[in-house]
Amino acid sequence: MNEQQSETNWLDSDNLYPLEYLAEISGLSIEEIDDLVSIGLIAPSAATAERPVFQLCHVLTVKKARRLRDDFQLNHHGVALALTLIRRIDELQAELTALRAGLGR
Amino acid sequence: MKFKDYYQALGLERGASEADIKKAYRKLAHQYHPDVSKDPQGEEKFKALAEAYATLKDPEKRAAYDNLGQRSSGEQFTPPPDWQQRYKTDAAGFDDVDLADIFAAFSQAGGRQRQDMPRPGQDYEIAAWVTLEQIFRGGEIEVGAELPEYDQNGLPHRVAHVFKITIPNGAADGQRLRLAGQGGHGVNGGRAGDLYVVLAVQPHPLYRVSGRDLYLDLPLAPWEAVLGGNIEIPTLAGPVALNIKPGTLAGQKLRLAKRGLGNRDGSTGALYAVVRIDVPNQVSPREQVLYEQLAANSTFQPRAHFATGAGA
């Protein structure tokens, strides 16, 4: 057995990272991530900054985009559409969970 | 070394055409892809079929795989002599080697094009099951994973690792932790992959979770609901006293502020006790008499609005 501690980041932390960092850990190109930003699927945190910076939670979205692109051979329109629909389903699922929690079993 | 039946994973015969392989993969990917499937086993099933497809779609890897012969899944087999030669080890050296890791590294080891291209290591994702109590209390947990490590000859051995993880305040189901550089090793100077740990909260027998709030079913006896009284209810921090007002209705939600889960900003969710009125299955003769007296003396008409057609 091999025990180790390493640099750990919870992906909801408030630290901000540049676009290049998202590209590096997701494997998407800068252009592909720019595309997700222009569609509004991820949003930079500080609009005032010269360089856009992102919360680490957006890593999940860009990684998901990469998976969808690679696993289903989608183009960028397809990826954007799939991400939009998945997000809507997540919102509906959260609402359903909240309703069910309140109703009792 | 354990054999894996990649054709079976895709539901195909061994002689399947390239088009068949692609078609089978697409069909199953739509069914099991963890981003689109609600199948709780989807992730595992997709991993198996993605692994099979990665090898069978590549003619060179497929030929090497076909060379291993037809065996059943899980069967121990001796790696072919050219593998033993390439990795400078005997058959026993392959004992802790996963077939997928060999094929993933195949194109470099096989001496195919662009040998010196830097390639990033693979990212891995593992689930860490935690209880609601652990989320509430925070603290450290240990998560185990078997990850490939390359020996000096480039042979990827699966090695057991244990990672110590601190559960942060405000942790939630599905939250991900990134352990930078703890995934697969990069090749030719490529960066190491990352390990992602996903928190999975086990369903709790008493509490349902909605965001940072908790919901608890609170069964009351009919007389407790009518007369009110003080009762004790459990919370994650221990039992608390709760005052039931006379005339409490089923479905009413009694809110206990700050008895839910913590938030990252230091605030705390609420615990809602959802009232349910339970009746005994069986009553004693004495109880029977008392209920009959109550029925005879009560003026309560729960269905009065049926006659007028108005809402309750």
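Twelve aromatic pairs turn up over all chains of this structure, which is a predicted model. Let's look at two of them, both in chain B.

| Pair | Distance between ring centres | Angle between planes | Type |
|---|---|---|---|
| B:Phe3 and B:Phe77 | 5.8 Å | 85° | edge-to-face |
| B:Tyr6 and B:Tyr65 | 4.8 Å | 25° | stacked |

Why do B:Phe3 and B:Phe77 count as edge-to-face? Their planes sit at 85°, and anything over 60 degrees gets that label. This pair links distant parts of the chain, 74 residues apart: B:Phe3 is in the segment before helix H1 (6–9) of chain B, while B:Phe77 is in the loop between helix H4 (59–67) and helix H5 (81–86) of chain B. Both of these Phe residues are buried.

Now for the tyrosines. B:Tyr6 belongs to helix H1 of chain B and B:Tyr65 to helix H4 of chain B, so their pair ties together parts 59 residues apart in sequence. Buried or exposed? B:Tyr6 has 2% relative accessibility, so it counts as buried, and B:Tyr65, at 0%, counts as buried too.

Next, the nonpolar cores. The largest one has 57 residues, and B:Leu10, B:Tyr65 and B:Leu99 touch the most other members. Helix H2 (residues 18–32) of chain B gives the most to this core, with six residues. Leaving aside neighbours within four places in sequence, B:Leu99 is in contact with residues including B:Tyr6, B:Tyr65, B:Phe77 and B:Trp83. There's also a second, separate core of 39 residues, with B:Leu199, B:Leu214, B:Leu220 and B:Ile244 among them. In soluble globular proteins, nonpolar side chains tend to be buried together.

Note on methods
Residues numbered from 1 in each chain as written. Chains lettered and ligands numbered in written order. Predicted model: local features only at pLDDT ≥ 70, side-chain atom pairs only at ≥ 80, totals over all residues. Heavy atoms only, no water. Phe/Tyr/Trp six-rings, centres within 6.5 Å; stacked < 30°, edge-to-face > 60°. Helix = DSSP H or I, 4+ residues; strand = E, 2+ residues; numbered from the N terminus. Buried < 20%, exposed > 50% of the residue type's maximum accessible area, 1.4 Å probe, protein only. Core = buried A, V, L, I, M, F, W, Y, C linked by side-chain atoms within 4.5 Å. Contact = heavy atoms within 4.5 Å.
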